[in-house]
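This briefing goes through a protein model by topic. The sequence and structure come first, then the points to look for.

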Amino acid sequence: MKIPFSLNRLLPLAVAVMALVVSVGALLPATVFADDDDHDRARQALLAGKVLSLRDVLDKVMADYPGEPVEIEFEEDDGVYEYEIKLLQPAGNIIKLKVDASTGEVIGLKGRGVQFKEKNNAGAGC
């Protein structure tokens with residue numbers, strides 16, 4: 001059966017989209033800390049009141065950057081706590097955010113084609 005030219009051009013795109021969907025499905029369960037030690041250290045810092053909960057940090061991050069977390073690392077250097085969060089954005093790109101764990105503020109960003117959520121500017125002065 002001969003596929004019309006327009007459908008023939010779409011076939012590779014459809015295959016690529018399906019491959020992306022399958023790979024994303026494989027990554028989603030991996031939305032965990034890089035290792036158990038990260039989890040334990042983050043929990044201790046949370047209980048000591050030194051950092052925000054991961055849920056609070058993710059809520060703040062996702063208010064500006066749409067996507068699904070695929071990897072999270074917790075780091076501490078000289079008493080400064082940070083999360084490194086890799087997000088899979090809707091367009092399929094992965095970005096890496098460095099976030100201050102005590103405030104939820106994004107302090108570093110790497111990636112191409114970064115998508116930002118649009119802000120509602122109602123009430124903003126002109």
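Buried means a relative accessible area under 20%, exposed means over 50%, and partly exposed is in between (1.4 Å probe, protein chains only). Asp78 is exposed, with a relative accessible area of 76%. This is a predicted model, in which local features need pLDDT of at least 70, side-chain atom pairs count only at pLDDT 80 or more, and totals for chains, interfaces and linings use all residues. Residues are numbered from 1 along each chain as its sequence is written, and side-chain values use heavy atoms, with hydrogens and water left out.

**Helix H3 and its cover**

- Helices (H or I, at least four residues) and strands (E, at least two) are DSSP runs, numbered from the N terminus.
- Helix H3 spans residues 54-64, and in this helix Val57, Leu58, Val61 and Met62 are buried.
- Seen down the axis of H3, the buried residues fall within an arc of 125°, so they line one face of the helix; the arc is that of the directions from the helix axis to the C-beta atoms.
- An α-helix has 3.6 residues a turn, so residues three or four places apart point the same way.
- The cover over the buried residues of H3 includes strands E1 (68-77), E2 (80-88), E3 (94-100) and E4 (106-110), where contact means heavy atoms within 4.5 Å.

**The loop between E1 and E2**

- Asp78 lies in the loop between E1 and E2.
- The phi of Asp78 is near 55°, a positive value in a residue other than glycine.

**Salt bridges**

- A salt bridge is a side-chain nitrogen of Lys or Arg within 4 Å of a carboxyl oxygen of Asp or Glu, and the structure holds 7 of them.
- Asp37 forms a salt bridge with Arg41, the closest N and O atoms being 3.2 Å apart. The two residues are 4 residues apart in helix H2 (residues 36-47), about one helical turn. Asp37 is partly exposed at 46% relative accessibility, and Arg41 is partly exposed at 27%.
- In H3, Arg55 and Asp59 are also 4 residues apart, about one helical turn. Their salt bridge has its closest N and O atoms 3.1 Å apart.
- Lys86 forms a salt bridge with Glu71, with the closest N and O atoms 3.6 Å apart. This pair links distant parts of the chain, with Lys86 in strand E2 and Glu71 in strand E1, 15 residues apart.
- Glu82, Glu84, Lys96 and Lys98 are linked in a network of salt bridges.
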